[in-house]
Amino acid sequence: MPFYTSVAAAYCDLGDYAAAKRFADRAYGMQGGSKGYTTELSLVYRRIKTETGDKY
């Protein structure tokens, strides 16, 4: 899961938010859904939402 989260963050850096969302979703599925606390993955999701205006 940390690998996919890192890849998602890297895609954010490149501005490819569709790919970032795909990898974030894969990491989310691997962790078994929401854990109820702030994680690196939740920060990636927040970044995607903030930088795209909630487009993805």
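This dialogue explains how to read several features of a predicted model.

Reader: How is the packing of two helices described?

Author: Two packed helices are described by the angle between their axes and by the distance between those axes. In this structure, helix 1 and helix 3 pack at an angle of about 25°, and their axes are 10 Å apart.

Reader: Are helix 1 and helix 3 roughly parallel or roughly antiparallel to each other?

Author: Angles under 35 degrees count as roughly parallel, so helix 1 and helix 3 are roughly parallel to each other. Their crossing is left-handed.

Reader: Which residues make the contact between helix 1 and helix 3?

Author: Helix 1 contributes Thr 5, Ala 8, Ala 9, Cys 12 and Asp 13. Helix 3 contributes Glu 40, Leu 41, Val 44, Arg 47, Ile 48 and Glu 51. Sorted by class, the contact of helix 1 with helix 3 has six nonpolar, one polar and four charged residues.

Reader: Is Thr 5 buried or exposed?

Author: A residue is called buried if its relative accessible area is under 20%. Thr 5 has a relative accessibility of 9%, so Thr 5 counts as buried. Thr 5 belongs to helix 1, which spans residues 2-14. With neighbours within four places in sequence left aside, Thr 5 is in contact with Ala 27, Glu 40, Leu 41 and Val 44.

Reader: How many aromatic pairs does the whole structure hold?

Author: Rings are paired if their centres lie within 6.5 Å. A search of the whole structure finds four aromatic pairs. One of them joins Phe 3 and Tyr 4, with 5.5 Å from centre to centre and 70° between the planes, and is edge-to-face. Phe 3 itself is exposed, at a relative accessible area of 56%. Another edge-to-face pair is formed by Tyr 28 and Tyr 45, with 6.2 Å from centre to centre and 90° between the planes. This pair links distant parts of the chain, as Tyr 28 lies in helix 2 and Tyr 45 in helix 3, 17 residues apart. Tyr 28 is partly exposed at 35% relative accessibility, and Tyr 45 is partly exposed at 23%. Ring pairs also link Phe 3, Tyr 4, Tyr 11 and Phe 23 into a cluster.

Reader: Where is Tyr 56 found, and which residues does it touch?

Author: Tyr 56 is found in the segment after helix 3. Tyr 56 is partly exposed, with a relative accessible area of 39%. Not counting residues up to four places away in sequence, Tyr 56 touches Tyr 17, Ala 18, Lys 21 and Ile 48. The segment after helix 3 also holds Asp 54. Phi of Asp 54 is near 65°, a positive value in a residue other than glycine.

How values were computed. Residues numbered from 1 in each chain as written. Predicted model: local features only at pLDDT ≥ 70, side-chain atom pairs only at ≥ 80, totals over all residues. Heavy atoms only, no water. Helix = DSSP H or I, 4+ residues; strand = E, 2+ residues; numbered from the N terminus. Buried < 20%, exposed > 50% of the residue type's maximum accessible area, 1.4 Å probe, protein only. Contact = heavy atoms within 4.5 Å. Axes fitted to C-alpha atoms, helices over the stretch in contact; angles between N-to-C directions. Parallel < 35°, antiparallel > 145°, perpendicular 65-115°, else oblique. Left-handed = near helix turned anticlockwise from the far one by under 90°. Nonpolar A, V, L, I, M, F, W, Y, C, P; charged D, E, K, R; others polar. Phe/Tyr/Trp six-rings, centres within 6.5 Å; stacked < 30°, edge-to-face > 60°.
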